[in-house]
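Hello,

Here is the structure I promised to pass on. Please look it over, then read my notes below.

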Amino acid sequence: MAEGVCPEDYCDEPVEDEFGEIIKCRSDEREDVQKKTFTKWVNLQLAKTGKPPVEDLFSDLCDGRRLLELLEGLTGHELVRLEKGFTRVHSLNNVNRALQILQKNNIDLVNIGAADIVDGNHKLILGLIWSIILHWQVKDVMKDVMAGLQQTNSEKILLSWVRQNTRHYPQVNVVNFSGSWNDGLAFNALIHSHRPELFDWSSVEKKTSAMERLEHAFSKAEQHLGIERLLDPEDVAVPHPDKKSIIMYVTSLFQVLPQGVSMEAIQEVESLPPTSSTSRVTMEEHYQIQTQQRFSQQIMVSVAQGCVRSPSPQPRYKSYAYTQAAYVKSPEPKRRRFTDQFLTPSQEELQRGLSPLPPGSVSLESYQASLEEVLTWLLSAEDGLQAQPPISNHVEEVKEQFHTHEGYMVELTTHQGSVGRVLRAGAALLSEGNLSEDEESEVREQMNLLNSRWEHLRVASMERQTRLHEVLMDLQNLQLQQLTDWLDITEARIKRIGSQPLGPDLEDIKHQVEEHKVGTH
């Protein structure tokens, strides 16, 4: 599940009243704000093609009709005919067609199925709409600028653009797309930097409340720049405004204002501390990012330089909460287990990636013991992947295979840190220069072998997961098509039977009843 959509399914930060009672959770507040903001965006797109607005985002999209109307306007192409019926199957077919259109437009939807939308799953519906906004509002608007700068991170480019255009306003320091915007100064500065004739900056400084400054910015943007009020001041004047809603609105400003971004501005954003350059991250988002980084990083060893580096994480399917992983112990008791230094990465390591170990912290003996332990597990993991059966042709069996393989991938995730620490230990030994020529050659060969076999296993396991996902989608689409065909045949039969007159005698009626029974089985 694609850019993926990662719904926030729990309350990460409760809101309490003066008596300490929980009133509402932060995730509930985000859901309310996103529903309101996303609904405004959807209705803005529908209005462009003369379609009526949606009233409730969660219920109006359930049958897939409004979703297809939205995509028809965004793609600029007339889509396939809608299902005429109003049964659950008709709704599933409509939504499934919408999801196929999104996939054809290279929009990855992680763990979002037609049934989730038809059933009105709030968080997945918001995730679906955000994926649509991200593609057609954010990336589509910024694609030319990003291509010219040879950049792929739209959020980084947008933040660079904001900082570049607000640098001459001492009160404004935008370091994220959440808390940096809640006082209203950043919105006003962004507009004033390009259109200073619209208002005096001193008039903004004189306003005593964030609500007033936000109202001022949104009003000016609406009156003079033609930007719809996608945000309401009361939703932004909070400690942690919703990041997605802020990005959506700022992108609207980016669309109508000069879009130049310098490499210096980009480099400045890249040099910001991690806690500043990114917005507030929820516990679940942190877990998902951490998991993706730990699994998807390709550990690369520069043996000549004696160092280890990790490139940017690559996307992977979000794992189900299903795991059959078991730690594979060494068959020989004499092999000693990893020390805590090798087994447990610190929080700092998780945040900044793997780094070389300090000189003198690893001995050749501890490195060899750790290497032997990891290779033992790696051999077992390779056998486990080879032992998985061929992909079935039956939906339920493929679902089970998908779940089983997810458990296998969780095991790989668990052990990737151990592989990385052994490689770092080897790199540390090489950098110290205390090994003999034969020992150094052996360590290099061992590290290359471990790195090569780990990468082969990682790629092979992700390719199987991708294939399982594709087969499962194809089989589910086939099931839906078969059910649709049966419904069409049944509806035609019922219509034909209904058009025939009854009788005229009792025997004819009995014959018609029997024929009707056969047609409904």
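Asp56 is partly exposed, with a relative accessible area of 26% (buried is under 20%, exposed over 50%, partly exposed in between; 1.4 Å probe, protein chains only). Its side chain meets that of Lys35 in a salt bridge, 3.3 Å from N to O. Such a bridge is a side-chain nitrogen of Lys or Arg within 4 Å of a carboxyl oxygen of Asp or Glu. The two residues sit 21 apart: Lys35 in helix H1 (residues 26–48), Asp56 in the loop between H1 and helix H2 (57–60). Helices are DSSP runs of H or I with at least four residues, strands are E runs of at least two, and both are numbered from the N terminus. Lys35 is also partly exposed, at 24%.

A note on the source: this is a predicted model, where local features need pLDDT of at least 70, side-chain atom pairs count only at pLDDT 80 or more, and totals for chains, interfaces and linings use all residues. Residues are numbered from 1 along each chain as its sequence is written, and side-chain values use heavy atoms, without hydrogens and water.

Next, Lys40 and Asp232. Their side chains form a salt bridge of 2.9 Å, N to O. It spans 192 residues, from helix H1 to the loop between helix H10 (210–225) and helix H11 (233–236). Lys40 is partly exposed at 26%, while Asp232 is buried at 15%.

Overall, the structure holds 19 salt bridges. The protein chain has 21 helices and 4 strands. Of its 521 residues, 47% count as buried.

Best wishes
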